[in-house]
Structure formats: C-alpha cells, structure tokens
Amino acid sequence: MAHCRTSTDVTDRNASDLGRRTSANGPVAHSTALSEGKPWQSIFPPTQAASFALGLNQRHFAFRHYLANHPLFAVPQLLELHERILARGERGGLAAWEAQLSPSKKYGQLPKQEDIRKAAWGISEGRSLLRLSGAHEFDPRYKEIHDRILDEAGVLSEFPLRQKVTWSSMTILLSSPGVITPYHIDHQSNLLFQIQGEKDIWLFDPKDRSVLTEDEVERYYAGSVNAAEYREAVQPAAHRYQLKPGLGVHNPSLGPHWVKNGPCVSVSVSLNFSLGELEARARVYQMNRYLRRLGFSPRPPGHSILRDRLKSEMMKLMSKRHSKNLDELLDSMPRRFAGRLRAASARSRAAPN
Ligand SMILES: O=C(O)CCC(=O)C(=O)O
Ligand SMILES: [Fe+2]
C-alpha cells in the first residue's frame, strides 16, 4: 500500500463542514495568496532560462518550480473553491470523468460524472479525472498566480509572452490513484506543474507526422477535439517524464500526450495559452478543411508563407470575430463558415448562367 500525503486527505471531512468555512461571495477570510503577508517567492528557479529560451512553444522540456507547497493548491482548499463555484448554482469550468484503463480510450468515450461534488470528495477512493478550467476567473488569488507564471516564463524565455498571448487559462486537475488521462492533443501551449502525487506523462513531438497526421490536426481544428488516435506502434516515439511535486513539463501546441497517475491522489496545475501565430495556423487548417470538401487538395500549413497568410486572412474574414477561447476557435468559425459555404453554393446553383 502506497504511503500518500495525509495533510490533504479529504476522507475525514464532509461537505457541510466545508460549507461553514466557505463564503459564497468570494475568497475565504484566511487568505493564503503569496502576496498577502508572505515573502515574495518566484515561480521558477532562474537557472532554467536556457530550457525556456530554447524550448518554449517549440519542444517539450521539464522544469522545476516552487508552487508545490502553495496552500491554494492543497486539496482542501481546492474543494473549497469547487464548493464556491457550485454554490453559484452552475458548474463553471468544472467537469469530471470516470477514467478508463487505456490511453486509447478518448475523452468522448469516458463516462461523464454528473455529480461533481461526489467525484471531488471521493477522489482518493474513486477513479475520477476532475478538471477545473479557468480557476483564475473565479478567484483573484489564482489570477495573480496565473499572471505571474506568464510574466516569469516570458522573462526566462526572453519572449514577450504576456503581450503575445491572446487567451489563457489556469486549469486545475485532480486525479484518483492509478487513473489514465486519454491520449489527446490541445491547441494551447502548456506549462504543467505537478503539485501533489507522482505521475508519468508521455509527450510526443507535435511535428512528427508519423505520430500525429495532418488529417488528425485538420479534423481537430474542424471541431473534432478527439481526432488524435492513439496507436500502440508509436509509443516508443514518446518521451516519458516522471512528474513529482516541484517538477513540471512544457508541452507545445498540438504535442500529443497521455498520463498515468501513480498510487496517490494527484494535483496538477496547467497554465495553457494561445498565441496569434497558433490561431493563424489553426485558420489555415480550417480553410483547408473546407477547400477539401469543395474537392481541392490543399497543402498543409508551412509550405508557403503567402498562401498560408491568404487562407488565414480569408478564414478570419469569414469568421468575423477573434476567438476568446478554444470553443470559439474550434466551433464557431467552422460553423459560421460552413453556413456561408452552403449559402454560396445555393446562390450559385440558383444563379442564372
Ligand atoms: O495531467 C493530466 O492528467 C492531463 C494534463 C493535460 O492534458 C494538459 O494539461 O493538457
Ligand atoms: Fe492536455
């Protein structure tokens, strides 16, 4: 039997006890943010500048960080945050799945857990993957950490990250012992911080087309978020990182990944962000999807700067607005465009020649 941390053991607490200590309107009284009375502490040791400068948004790499003992990410504090979100009568960014035992099972194939509270409080005995997206939108103390991560990663990499990021999110992940996070890709570039528990993450090179095909990426950007297929044969191409508290990994945009949690409850924080150049590339894939439907065989992005820019700008015109999150990027642009395509072909059929 594994020896797991007990300070965050939630089995001896119950929701009504938690409710008494929780304010539905805002942060609890005993604030623990780094800025409040604590000596200033950075997120990353400065010695890692080379990894950030060479790797950020380019390739996966491991890093060290100081967030592991941060009280805002202790399990009781996270349950408190969940309660405050649920007390508003909505789920906010909360979602829970019942994990399956293989990386090839896709998110869309995992049973969703309707009772978020039950999944959260039973995390140490269950087989749950619990995700809170946009934690920084619910509580300014998480926003402060979100902002500092971007600032410090920008300084370390000498890349004006804060100015270049179009939208970003702090996602907090709680996993039951032993569960597997399905193989998948994300549009966003990601810094994943391990806070509690140990787990293995397998990261693949997003540019390796023997692992991730152009067709999978195109279908992803056309709205099929589960388009990436896990194939046993490509597993040797993955790099395994053994995460433990104080370690993290950077995974650039579209880097395929899957995760196996160790024998204890895991807490991880994902700081994921989109960039203008990633969105431009996404629009090329979206335009290619529609050109393909019209019978053309478009080339993937990266072959011609001019052609890519043209496709991206056309897609931008058709979609009219800038995306503010992943759903808008993946969903609304293609749908709007599909509507316009249908209208255009109906007009051309109706038009006299
Ligand atoms: O840690 C996990 O279980 C999944 C993390 C993940 O998929 C991500 O941060 O993009
Ligand atoms: Fe992911």
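Two strands are said to pair if DSSP finds at least two bridges between them, and strands (E, at least two residues) and helices (H or I, at least four) are DSSP runs numbered from the N terminus. The structure is a predicted model, in which local features need pLDDT of at least 70 and side-chain atom pairs count only at pLDDT 80 or more, while totals for chains, interfaces and linings use all residues. Residues are numbered from 1 along each chain as its sequence is written, and chains are lettered from A and ligands numbered from 1 in the order in which they are written.

View 1. The strands follow the order 5-10-7-8, and their pairing is antiparallel. Strand 5 and strand 8 (239-243) form the edges, each pairing on one side only, and the twist averages 15 degrees from one strand to the next, angles being taken between N-to-C directions on a scale from 0 to 180 degrees, with axes fitted as lines to C-alpha atoms.

**View 2. Strand 10 and its two partners.** Strand 10 is joined to strand 5 (residues 180-184) by three bridges and to strand 7 (residues 199-203) by five bridges, again antiparallel.

**View 3. The surroundings of ligand 1.** The shell, made of residues whose C-beta atom, placed from the backbone, lies within 6 Å of the ligand, consists of Leu173, Ser175, Thr181, Asp186, Asn190, Leu192, His257, Val259, Ser268 and Ser270. Two or more residues each come from strand 4 (165-175), strand 6 (189-196), strand 10 (257-261) and strand 11 (266-275).

**View 4. The crossing of helix 7 and helix 8.** The axes of helix 7 (residues 214-221) and helix 8 (residues 276-293), fitted over the stretch in contact, come within 8 Å and cross at roughly 95 degrees; the two helices are therefore roughly perpendicular, a term that covers 65 to 115 degrees. Val217, Glu218 and Tyr221 in helix 7 meet Ala282, Tyr285, Gln286, Asn288 and Arg289 in helix 8, contact being defined by C-beta atoms, placed from the backbone, within 7 Å.

Note on methods. Parallel < 35°, antiparallel > 145°, perpendicular 65-115°, else oblique. Contact = placed C-beta atoms within 7 Å.
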